[in-house]
Amino acid sequence: MFKTFSLEKSYRKLFFAGIINGIGDRFSQVALLALILQMTGSGLSVGITMALRMIPFLFFSPLSSSLGKKFGRKTIMIITDLARAVIALSFLAVDHPDDMWIVYAASFLLASGEAIYSPIRKSSIPAMVSSKSLKDINGWEQVLIGFVLVIGALSGGIVSYFLGPKAAFLLNIISFLAAGWILSTLPSLEATKENDLITKPNLEKYPELLPVIAASSFLMLLMMFELIIPLINGIENVLISVYAVETFEKADLGVGIFYSVLGLGLIISPLLTRMIHNRFLLFSFICIIGEGLFLTTISQTKSFWLAAALFGLTAVFSGVGNTLLDTVTMDTIPSKWHGMYFGITTMLSNTFIGFSMFFTGLALEWFNPRLVGMFGGIMYIAFGILFLMCSLKYNVDQEKVKLAQKSL
């Protein structure tokens with residue numbers, strides 16, 4: 001895994017830019033969510049804020065592939081980093097519940113940049129690395145998220161707790177600028193010769209891909225995963241902050257600790273992923289079931305530290321499952337469709353997680369967080385079992401051949 005990382009020089013820069021970008025954003029998110037709860041005391045306000053961070057994916061993610069083709073992936077990613085640095089300045093003006101409109105507006109605009117940035121970044125990975133490196137590189141993507149959570153969330157909680165949220169907001173602005181500078185040093189984010197099928201813009205036609213998805217039960221299975229799991233994941237995302245601040249009464253520091261143990265779990269996850277050599281789809285759905293079991297247990301525990309440990313184990317299963325599923329997707333779907341496919345799935349998953357977080361916030365106005373958490377865990381288990389049973393009838397190698405023939 002480390003050898004792969006050392007060989008993929010372009011990916012290393014993309015990786016470090018992602019860490020810096022993500023850590024700063026996590027600093028801001030931890031401080032912002034804690035600030036909202038302190039100002040308003042409302043789980044609904046948290047749900048609305050997090051939903052507004054997801055809704056732009058519905059409008060902008062499908063455009064990302066075309067923008068990347070027209071202006072270049074590298075250029076678009078740098079522009080979105082710089083634009084988000086400017087937008088993040090507005091959080092410095094938030095001091096009172098009457099300023100919540102600033103929070104909502106800035107959250108929406110920042111997410112609009114992320115909606116363009118994220119699918120372009122993801123589609124750049126199979127274009128810049130060799131196919132034999134995909135599993136290891138997708139493992140590094142989970143490590144990246146883990147470092148962001150550990151360093152960003154824990155440090156963000158500490159900085160916000162002792163220095164105030166504005167210090168965290170300033171660091172977020174600096175991180176966007178630094179990440180943009182790192183990306184500017186990349187020679188290119190376009191396809192290599194090994195992946196030259198992706199270089200022709202005229203192949204990027206949604207009317208060509210959508211009928212293929214509709215006619216392939218295998219792709220429909222992957223798309224259903226992108227629809228259903230985010231609906232459940234949204235519950236978990238809202239409850240992390242609510243559990244820390246209200247259920248366990250640990251304020252900003254508790255939010256940071258919960259996110260940091262999630263990060264540790266993701267960092268550890270590649271150690272388990274490397275032990276899996278086949279049946280990637282099957283094991284990814286087994287991991288979903290495992291997540292549900294841990295989340296159900298978290299909803300009932302009275303100990304903050306036991307809840308933190310269980311969140312860490314949840315992240316280990318999540319990291320393994322995400323790595324395996326992303327590897328299946330990138331390796332199976334023809335490269336000329338990567339930009340469009342990741343644009344569609346990013347749109348779907350983030351839009352649905354946005355709706356989920358909004359309704360979770362609404363549900364918390366009437367129901368106990370522990371009850372809502374148990375419901376989410378049970379849903380993970382139920383759908384994990386359903387996806388696992390459906391996956392048993394597929395041979396991934398055969399599906400790869402079928403999709404390759406349809407792409408010609």
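Select helix α6 (residues 100-128) and helix α14 (residues 338-363): the two pack at an angle of about 140 degrees, with their axes 9 Å apart. Helices here are DSSP runs of H or I with at least four residues, numbered from the N terminus. The axes are lines fitted to C-alpha atoms, for helices over the stretch in contact, and the angles run from 0 to 180 degrees between N-to-C directions. That angle makes α6 oblique to α14; under 35 degrees would count as roughly parallel, over 145 as roughly antiparallel, 65 to 115 as roughly perpendicular, and the rest is oblique. The α6 and α14 crossing is right-handed. A crossing gets that label if the near helix is turned clockwise from the far one by less than a right angle, and is left-handed if anticlockwise. Contact means heavy atoms within 4.5 Å.

The model is predicted: local features need pLDDT of at least 70, and side-chain atom pairs count only at pLDDT 80 or more, while totals for chains, interfaces and linings use all residues. Residues are numbered from 1 along each chain as its sequence is written, and side-chain values use heavy atoms, with hydrogens and water left out.

**α12 and α15**

Next select α12 and helix α15 (residues 369-391), which pack at an angle of about 165 degrees with their axes 7 Å apart. The two helices are therefore roughly antiparallel to each other. α12 passes α15 in a left-handed crossing. On the α12 side, the residues in contact include Leu-281, Phe-285, Ile-288, Gly-292 and Ile-298. Their partners in α15 include Arg-370, Gly-373, Gly-377, Ile-381, Gly-384 and Ser-391.

**Ile-137**

Move to helix α7 (residues 134-163) and pick Ile-137. Is Ile-137 buried or exposed? Ile-137 has 0% relative accessibility, so it counts as buried. Buried means under 20% relative accessible area, exposed over 50%, and partly exposed in between (1.4 Å probe, protein chains only). Leaving aside residues up to four places away in sequence, Ile-137 touches Thr-4, Glu-8, Tyr-11, Ile-125 and Val-129. For a distance across the model, draw a line from the C-alpha atom of Ile-137 to that of Ile-288: the separation is 21 Å, for residues 151 apart along the chain.

**Aromatic rings**

Now colour Phe, Tyr and Trp. The whole structure has 17 aromatic pairs. Rings (for Trp, the six-membered one) pair if their centres lie within 6.5 Å; planes under 30 degrees apart count as stacked, over 60 as edge-to-face and the rest as tilted. Zoom in on Tyr-243 and Phe-311, whose ring centres are 6.5 Å apart and whose planes are at 50 degrees, so this pair is tilted. Tyr-243 lies in helix α10 (residues 217-247) and Phe-311 in helix α13 (residues 304-332), so the pair ties together parts that are 68 residues apart in sequence. Tyr-243 is buried at 3% relative accessibility, and Phe-311 is buried at 1%.

Then go to Phe-294 and Phe-317, an edge-to-face pair at 5.4 Å centre to centre, with 70 degrees between the planes. Phe-294 is in helix α12 (residues 280-298) and Phe-317 in helix α13, so this pair ties together parts that are 23 residues apart in sequence. Phe-294 is buried at 19% relative accessible area, whereas Phe-317 is partly exposed at 28%.

Which charged end sits over the ring of Phe-304? That of Lys-250, at 5.6 Å from the ring centre. Elsewhere, Arg-84 lies over the face of Tyr-117, 4.7 Å from the ring centre. Such a charge is counted if NZ of Lys or CZ of Arg is within 6 Å of the ring centre and within 35 degrees of the ring normal.

**Thr-314**

Stay with helix α13 and select Thr-314, which is buried with a relative accessible area of 1%. Apart from residues up to four places away in sequence, Thr-314 touches Glu-236, Glu-291, Phe-294, Leu-295 and Ile-298.

**Two loop residues**

Most residues other than glycine have a negative phi. Glu-249 has a positive phi, near 55 degrees. Glu-249 lies in the loop between α10 and α11 (251-273) and is exposed, with a relative accessible area of 67%. Finish at Arg-279, where phi is also positive, near 55 degrees. Arg-279 is in the loop between α11 and α12 and counts as partly exposed at 44% relative accessibility.
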